[in-house]
Amino acid sequence: MRIDKFLADNSIGTRKEIKAFIKAGRVLANGEPANDPGMHIDPAKDEISFDGRTIEYEKFHYYMLNKPAGTVSSTKEGSSVTVTELLSDEGVKNLSPVGRLDKDTEGLLLLTDDGELLHDLISPKKHVGKEYLVITEKPVSADDMKKLEAGVDIGDDKLTLPAKAEMKDDGLHLTITEGRFHQVKRMLEAVDNRVTYLKRLKMGELALDPSLKEGEYRKLTIAELALIKAKSGQ
Ligand code: URA
């Protein structure tokens, strides 16, 4: 990996700033000034420091993406862009989305190469809440909301687990703790309605950063990662 990318990934600065830091001799690789931003390093072996502070190698990577409609969370489907392709500039191998969103669903999607966390977050046993903004064809009545909250028959062996339904200015906010196939759409069908727009807003306590435009992503902050790890039980 290039040393400038390694430093940028660790939030030391922009590529341009990093070039200047390297030129100024503020970056050392194994104790020696790194004179070239294009120098290749092995982050797992080489010791890199900035202004005398050793930069810890990040074993795993965690991103939040504002998934745009039209992209697929699973493996490549025809010409559709996959969510991992949206992050290809990061150069992180083995990134996977944490759970799936339908092609036409937008909003919060976490991507990581931390297999253990990924597994814990999608495990039905952990009951991680996922909050969606749901826009429907017909109005959702108070009675429908009660049914959605209590659990509805979506054609599986079991009713859906208790959910939380709240009507807000922008539409229905529905929080579910399972991740069954097309679950929100099927829940609305169970109350004789149809979803026309779906966006995930939250996963556990982690909310989609409202400054991220569709298709934009960023690394999770340390505080956000702690929130999501606490929820996963790690
Ligand atoms: N429920 C759905 O129906 N679709 C999604 O993408 C997510 C939850």
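This is a predicted model: local features need pLDDT of at least 70, side-chain atom pairs count only at pLDDT 80 or more; totals for chains, interfaces and linings use all residues.

Visitor: Where does Tyr-197 sit?

Guide: Tyr-197 is part of strand S11.

Visitor: And how far apart are the C-alpha atoms of Tyr-197 and Glu-106?

Guide: They are separated by 8.5 Å, although the two residues are 91 residues apart along the chain. Their side chains make a polar contact with each other, at 2.7 Å.

Visitor: New topic. Which residues surround the ligand?

Guide: The ligand has Leu-101, Asp-102, Thr-105, Tyr-132, His-182, Gln-183, Val-184, Lys-185 and Leu-198 around it.

Visitor: Which element gives the largest share of that shell?

Guide: Helix H6 does, with 3 residues.

Visitor: What lies 2.8 Å from an oxygen atom of the ligand?

Guide: A polar side-chain atom of Thr-105. From the backbone, a polar atom of Lys-185 is 3.1 Å from a ligand oxygen atom, and an N or O atom of His-182 is 3.3 Å from a ligand oxygen atom.

Visitor: How much of the ligand does the protein bury?

Guide: The protein buries 96% of the 240 Å² that the ligand exposes when taken alone.

Visitor: What kind of space does the ligand take?

Guide: It takes up the largest pocket.

Visitor: What about His-182, where is that?

Guide: His-182 is in the loop between S10 and H6. Its phi is positive, about 50°, although it is not a glycine.

Visitor: Is His-182 buried, partly exposed or exposed?

Guide: Partly exposed, because its relative accessible area is 29%.

Visitor: And which residue takes a positive phi just after H6?

Guide: Asp-192, with a phi of about 60°. Asp-192 is not a glycine either, and it lies in the loop between H6 and S11.

Visitor: Why does Asp-192 count as exposed?

Guide: Because its relative accessibility is 59%, and exposed means over 50%.

Visitor: Let's zoom out. How many helices and strands are in the chain?

Guide: The chain has 7 helices and 13 strands. Its C-alpha atoms fill a box of roughly 70 × 35 × 35 Å along the principal axes.

Visitor: What share of the residues is buried?

Guide: Of the 234 residues in the chain, 46% count as buried. The chain exposes about 12800 Å², and carbon and sulfur atoms supply 51% of that.

Visitor: Last one. What share of the contacts with a separation of 6 or more comes from residues 24 or more positions apart?

Guide: They account for 64% of those contacts.

Notes
Residues are numbered from 1 along each chain as its sequence is written. Side-chain values use heavy atoms; hydrogens and water are left out. Helices (H or I, at least four residues) and strands (E, at least two) are DSSP runs, numbered from the N terminus. A residue is near a molecule or strand if one of its heavy atoms lies within 4 Å of it. A polar contact is a pair of N or O atoms within 3.5 Å; within protein, one must be able to donate a hydrogen and the other to accept it, and residues adjacent in sequence count only if both atoms are side-chain atoms. Accessible areas come from the Shrake-Rupley method with a 1.4 Å probe; for residues, only the protein chains shown count as cover. On a 1 Å grid over the protein atoms alone, a cavity is a set of points where a 1.4 Å probe fits but cannot get out, and a pocket is an open set with protein on both sides within 12 Å along at least five of seven lines; lining residues have an atom within 4 Å of a point. A molecule sits in a cavity or pocket if more than half of its atoms lie within 2 Å of its grid points. Buried means under 20% relative accessible area, exposed over 50%, partly exposed in between (1.4 Å probe, protein chains only). Contact means heavy atoms within 4.5 Å.
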